[in-house]
Amino acid sequence: MCIRDRLHASLNSARSSFDELIPLLLDHNYRILLYDRWGNGRSRHQPRPRWSDNYHLEDAEQLVALLREHGSSQPHRLIGNSDGNVVGLVAAALAPELVKSIVLCGGTHAWNQPTGFDRETLVQIRGALHAEYASPEQLAKFSLIHGGMEAADEAVERWIDWWIARTNGDPPQADNWSIAEYLTRVECAVLCLHGTEDWDPTHQVDHAREVVQRFSHPESKLVVLEGIGHWPAKENPALAMQLIHEFENCLTQQSRL
């Protein structure tokens with residue numbers, strides 16, 4: 001029975017990101033460790049108005065410490081979505097002995113891809129993001145995930161700020177955001193599930209393909225999911241489970257050769 005750790009996206013918790021997939025993993029006899037990053041879900045509220053330039057590395061270091069403290073003697077199999085993918089990959093590079101495999105379950109991104117939006121367009125995008133994610137109705141939903149309105153509001157604001165910075169290079173150091181240096185240090189096999197209908201212009205299939213090409217393990221691969229968006233585990237959990245199970249079975253068979 002293997003441990004599978006679940007790494008959530010910026011605005012969610014492990015449970016809210018993967019709630020449809022959890023019973024399917026349990027049906028396949030996986031032991032699950034749900035991990036909520038600082039300031040998200042059931043983790044302690046930690047005011048952080050804006051993420052630091054290295055927040056992915058900071059979160060990955062916390063994950064490694066958590067795995068060492070609470071994990072089993074077996075290497076872990078990680079599942080991530082969006083920002084959780086980044087944290088999982090960096091953690092695997094920092095402590096390859098702790099990670100047996102990684103599934104990037106939607107929203108894969110590994111370096112900044114400025115879109116060239118002008119300031120007027122960015123203002124419109126920020127307004128649209130606020131309208132969608134910072135409305136009273138949405139904040140009420142996020143408050144249930146993050147344990148209160150204050151924590152929900154902070155989660156939304158820091159995510160919007162980071163998204164705007166990452167697509168515009170503002171501040172300038174955001175232009176250089178990248179985890180490319182960590183990708184070649186990932187020793188385990190990586191399965192990347194990527195939807196063709198992902199709404200984020202920085203999360204495109206060609207980018208996911210380039211990311212996967214940097215992994216050294218021969219069983220690493222990209223599976224492009226037609227008609228699926230940012231959340232494969234939520235949009236089609238049965239398909240996601242099938243692909244994950246086939247991937248893990250293949251790795252198990254290879255280890256027996």
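Helices and strands here are DSSP runs, numbered from the N terminus. The model shown in these views is predicted.

**View 1. Asn-29 in the loop between α2 and β2.** The loop that holds Asn-29 lies between helix α2 (22–27) and strand β2 (31–35). Phi of Asn-29 is near 65°, a positive value in a residue other than glycine. Most residues other than glycine have a negative phi. Asn-29 has a relative accessible area of 54%, and because exposed means over 50%, Asn-29 counts as exposed.

**View 2. Ser-82 in the loop between β3 and α4.** Strand β3 (76–80) and helix α4 (83–94) are the elements on either side of the loop with Ser-82. Phi of Ser-82 is also positive, near 55°, and Ser-82 is a residue other than glycine. The relative accessible area of Ser-82 is 6%, which is under the 20% limit, so Ser-82 is buried.

View 3. Ser-101 is buried because its relative accessibility is 0%. The side chain of Ser-101 makes a polar contact, at 2.9 Å, with the side chain of Glu-248.

**View 4. Residues in contact with Ser-101.** Leaving aside residues up to four places away in sequence, Ser-101 touches His-76, Arg-77 and Leu-78, together with Cys-188 and Ala-189. Phe-247, Glu-248 and Leu-251 are also touched by Ser-101.

Terms used:
Residues are numbered from 1 along each chain as its sequence is written. This is a predicted model: local features need pLDDT of at least 70, side-chain atom pairs count only at pLDDT 80 or more; totals for chains, interfaces and linings use all residues. Side-chain values use heavy atoms; hydrogens and water are left out. Buried means under 20% relative accessible area, exposed over 50%, partly exposed in between (1.4 Å probe, protein chains only). A polar contact is a pair of N or O atoms within 3.5 Å; within protein, one must be able to donate a hydrogen and the other to accept it, and residues adjacent in sequence count only if both atoms are side-chain atoms. Contact means heavy atoms within 4.5 Å. Helices (H or I, at least four residues) and strands (E, at least two) are DSSP runs, numbered from the N terminus.
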